[in-house]
Amino acid sequence: MKRVEAIIKPYKLDDVKEALVDIGVVGMTISEVKGYGRQQGHSELYRGAEYIVEFIPKVKLDLVLEQKDVEAAVEAISLAARTGKIGDGKIFVSSIEKTIRIRTGEEDEEAI
């Protein structure tokens, strides 16, 4: 089993969710997060005053998938979230040692 974490622009969430549903992903967890990468934030004007936004609002998706589904999910996220501009985000894939569904006690692939 693998964990796929994706940090994307908030307005791309619906596109990414649709792309994942289309390939059969049945569940995900979404979090609103803030951060910065190479762009190091940006400056904005508000009522004539300039201020610096250091942490950019993003959305984080967490998915736990069987190994066979990871490549399709990564491709779907990449294509749906890509704008071609700085700040499109990142995808991280890591291993999951164990998964347990609390309600039934099912484990690993049965618990997904």
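Which elements each supply at least two residues of the lining of the largest pocket? Some friendly notes follow.

1. They are β5 (56-65) and α2 (67-81); helices (H or I, at least four residues) and strands (E, at least two) are DSSP runs, numbered from the N terminus. β5 gives the largest share of the lining, four residues.

2. A word on the source: this is a predicted model, where local features need pLDDT of at least 70 and side-chain atom pairs count only at pLDDT 80 or more, while totals for chains, interfaces and linings use all residues. Residues are numbered from 1 along each chain as its sequence is written, and side-chain values use heavy atoms, with hydrogens and water left out.

3. The chain holds two helices and six strands, in the order β-α-β-β-β-β-α-β from the N terminus on.

4. The largest pocket has a volume of about 360 Å³ (the space filled by probe spheres set on grid points joined across faces, edges and corners). A pocket here is an open set of points on a 1 Å grid over the protein atoms alone, where a 1.4 Å probe fits, with protein on both sides within 12 Å along at least five of seven lines; lining residues have an atom within 4 Å of a point. Of its 20 lining residues, Val26, Gly27, Val64, Leu65 and Ile112 are the closest to the centre.

5. As for overall form, the C-alpha trace spans about 55 × 25 × 20 Å along its principal axes.
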